[in-house]
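Welcome to a short tour with two stops. Keep your viewer open and select along as you read.

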Amino acid sequence: MEPVIDPVADSAMAREGHRTGGRHPRTAADGGLTTGAVARLLGVAPTTLRSWDRRYGIGPAAREDGRHRRWTGADIAALRNMCRLTSAGLPPAEAARAVLAGAFRATAAPPCGPASRVPGALPLGSARRECRGLARAALRLDAPAMEELLTEALDRYGLPAAWDEVMAPALHAVGRKWETEGERYIEVEHLLSWHITGALRGVRAVGSPVPGAGLSLLACVPGENHTLALEALAATLTRHGLPVRMFGAALPVEALEQAVRRTGPDAVVLWAQSHDTASRALTARVQAIEWGVRGARRRPVVFTAGPGWAGRQPPGTRHPSGLADAVDALATLGAR
């Protein structure tokens with residue numbers, strides 16, 4: 001492949017050198033960036049880079065000790081072209097043939113045809129690198145990259161920061177984009193949501209359960225199917241060793257009442273995405289539920305969560321400002 005000089009890749013390599021202690025990565029000692037460093041720069045999973053190298057020959061021209069990949073500026077330019085073409089809708093094999101043939105340069109515009117059917121960049125502003133990478137992977141429908149980026153975000157930032165700064169902004173950007181595109185590209189939102197759900201459900205407790213912690217019951221109100229924010233809350237409570245029961249989407253009123261009576265939770269969190277599903281009558285019914293022995297009967301504290309309750313918080317309920325605030329309030333409530 002004819003070398004392609006990419007000044008953006010050159011400056012990115014210099015920044016990576018500063019990040020690793022000021023040593024420029026293209027010194028004679030190492031000859032280029034590692035696969036992990038390139039993945040961080042481009043927002044692509046390392047497994048994707050290795051797959052492109054193994055399957056299509058989009059790899060570094062040289063390897064340290066004949067085995068370890070080291071990526072030069074020209075190699076990174078080829079990867080940028082590969083990312084642009086796959087984001088434009090080309091299958092990876094076809095994109096690789098175009099890159100290897102030198103038919104696409106870093107300054108070139110995406111080709112016609114499939115590009116017209118694929119969304120452009122998402123409105124992410126100054127979001128974290130992992131968030132931008134996650135959005136790009138979603139646009140490419142790159143499931144392995146999404147899995148690796150979500151795992152990296154959870155490992156690096158933990159919950160709830162990974163939700164607030166990586167997952168939620170990517171989801172919101174997808175939602176805003178599709179509001180202007182009708183029902184086009186809905187597959188991107190579905191795939192992204194599915195992988196975020198999988199990542200959240202894989203969260204496990206660190207250490208032993210908190211002694212004496214109160215139970216939190218989480219449910220979407222009837223008619224409400226947006227569960228991801230509640231899943232993030234359930235995962236965070238689980239991570240902290242706090243007991244939780246997650247009932248998911250559109251729980252019928254009678255089923256919600258039975259769940260409260262059977263579990264006796266300290267708190268009930270009701271999620272409403274829109275004003276149409278937020279019901280004050282429902283919160284009043286839940287607040288009135290009692291359990292326990294005569295003379296020591298108890299009632300749950302009701303938390304209203306989600307944008308549907310904005311400006312219309314029912315009397316006697318609590319409305320957390322975000323995921324971290326909700327976790328803190330629930331932990332404190334259980335410790336009374």
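Leaving aside its neighbours within four places in sequence, which residues is T317 in contact with? Select T283, Q287, V302 and T304: these are its partners, where contact means heavy atoms within 4.5 Å.

Before zooming in, note that this is a predicted model, in which local features need pLDDT of at least 70, side-chain atom pairs count only at pLDDT 80 or more, and totals for chains, interfaces and linings use all residues. Residues are numbered from 1 along each chain as its sequence is written, and side-chain values use heavy atoms, with hydrogens and water left out.

**First stop: T317**

Stay on T317, in the loop between β6 (301-305) and α13 (323-334); helices (H or I, at least four residues) and strands (E, at least two) are DSSP runs, numbered from the N terminus. T317 has a relative accessible area of 8% and is therefore buried (under 20% relative accessible area, with a 1.4 Å probe and protein chains only). Now show the backbone oxygen of P314: the side chain of T317 reaches it at 2.7 Å.

**Second stop: α2 and α3**

Next, select residues 35-42 (α2) and 46-56 (α3), which pack at an angle of about 110 degrees with axes 9 Å apart. The axes are lines fitted to C-alpha atoms over the stretch in contact, and angles run from 0 to 180 degrees between N-to-C directions. So α2 is roughly perpendicular to α3 (65 to 115 degrees). To see the contact, show T35, V38 and A39 of α2 with P46, L49 and R50 of α3.

Colour α3 by burial: P46, T48, L49, S51, W52 and D53 are buried. Finally, step to G57, which follows α3 and has a positive phi, near 80 degrees.

Terms used. Parallel < 35°, antiparallel > 145°, perpendicular 65-115°, else oblique. Buried < 20%, exposed > 50% of the residue type's maximum accessible area, 1.4 Å probe, protein only. Polar contact = N/O pair within 3.5 Å; in protein donor to acceptor, adjacent residues only side chain to side chain.
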